[in-house]
Amino acid sequence: IIILLYICISCTPEKTAIFVPITERSLIPYPNEVVTAEQGFLIDANTTIYAGTSFDSQAIALQFSDRFTKASGITLVTKKESQLAKNSIHFVLDPTANEISDDEGYFLKSTKDRVIIRAKTMSGLFMGLQTFYQLLPDEIVSDTIHPKVVWAIPGVIINDAPQYAYRGAMLDVARHFFPVEDVKRYIELIASYKINKLHLHLTDDQGWRIEIKSWPKLTEIGSTSAVGGDQGGFYTQAQYRDIVAYAKLHHITIIPEIDMPGHTNAALASYPALNCDGEARSLYTGMKVGFSTLCVDKEITYQFLDDVIRELSALTLGDYIHLGGDESHVTSKEDYNLFLTKAQAIVKKYGKNVMGWEDIQSAGISDETIIQHWTNPEIARLGAKQGASIVLSPAPKTYLDMKYTKDTKIGLTWAGVTPIDSAYMWNPQSILKDVPTSQIIGIESPLWTETVVDMNAIEYLAFPRLIGHAELGWTQEENRTWDSYLQRLKNHQNRLKIKNVHYYPSPLLEE
Ligand code: TNX
């Protein structure tokens, strides 16, 4: 009796207090429908995971149980058959669940007896899992065991689906090179905010970063430089495949960019024949743009392009290859358009579609093309008129390499300074007037790395601004406000700390 009394006294008050209200869990991006349910769910050592019979739902269940074991030290039993038992977590893949409006949408319900996460596709289940993590105590993101944490989830019913299909980030690995481990960490971080595209800017004047077996000097010579004389580097094809596979596991599609016909000094330094005068350029370590061009008149230029696109297409799981096309200031307009017409045909020949900076619209584009708007709304609109889809990367709002304030250390300021409120407070639907909303397929946050030398610097510029962009890409306008977002971001900082993210501690995040 004494023992029983002791258990009651020590456990009961605690148990009722552990179910924090849903408002104390920071959901970012905020789901489109959140309804509070009566009582929450508690994961303990007896909780059973029901993964269903499909390989895909089992894979998501395994991702969850691995993460849970890392943070809690508890190994949960996973079963395949479905059974509406008490104390259970269900991952339900149901392609016929028509009440879920989108392939990436999901339904999540947590009540006293069980948690159900349901989606039509594996991507939807993955998105639901990210929300589920955010409903759990912060320590769920930790890689060390927290035996004292009570794994309680508030009672809630969530119906969610993305506003935009394209929610992207871009990393420039050409100005500075970042090893595979850094790219994987970036993938892991951005995936937790439901970002689903990573555009890799693989080549530029300062470096060529992807192995092309038929043109080995691109990496033998062209990969050795970087801005400021810093160390270069490149991904072997095996390493690149590893990045693509790791991204896929996180439901992120890699979009590779080979920037052309400008931004090509590294290639022009590797192969003299690619220059109109037949003379190799010197490697470049400065920060200027717009001084290089492939030789549009030479046959070998198109052999080069064909080989590069063929090898890159074979490494690419997604439908898109990005051809760059920006700032070709030393290529005549006529040459530029001719070159891009041929380059686009090569991409098509290898079964891919073209993505490019807005500038490429002048060459004539198709309705399968994705145009990336960065600086000139008039030009982007001309792309939209040709039927192209538009991804929005307006520099003053989305360029992660712009400084937070004029006093922050790293970054540039050519498009202004971008504090975290400014990065969040804009509406993707009103950037390009007169373009039908159906043609705006999403937003992307580019991180150019002229001033970015290591992972800490990447994290400092990307976080927390990228988190706000993720919400703009996912959450419908009527469901987001700066005040709500700021409050959630303040609470969310603890997770960034647990994950050792070197984020910018904006004064706006202070109480
Ligand atoms: C413009 S955005 C560029 C890049 C630079 C960046 C620096 C774009 C298509 N071109 O070459 O790295 O500004 O912010």
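## A tour of the barrel and the ligand shell

Begin by selecting Ile390, which stands opposite Ile440 of strand β19; strands here are DSSP runs of E with at least two residues, and helices are DSSP runs of H or I with at least four residues, both numbered from the N terminus. Residues are numbered from 1 along each chain as its sequence is written. The model is predicted, with local features requiring pLDDT of at least 70 and side-chain atom pairs pLDDT 80 or more, whereas totals for chains, interfaces and linings use all residues.

Then colour β10-β11-β14-β15-β16-β17-β18-β19, in which order eight strands close into a barrel with parallel pairing. Neighbouring strands of this sheet are turned by 30° against each other on average, direction ignored.

Next select helix α14, residues 465-474, which lies across β10 and β19 and runs at about 175° to β19. Angles run from 0 to 180 degrees between N-to-C directions, with axes fitted to C-alpha atoms, for helices over the stretch in contact, and contact means C-beta atoms, placed from the backbone, within 7 Å. Helix α9, residues 333-349, lies across β14, β15 and β16, at about 165° to β15.

Finally, show the ligand and the residues around it, among them Asp326, Glu327, Trp357, Trp374, Asp401 and Glu450, where a residue counts as near if its C-beta atom, placed from the backbone, lies within 6 Å.

Notes. Pairing = 2+ DSSP bridges. Contact = placed C-beta atoms within 7 Å.
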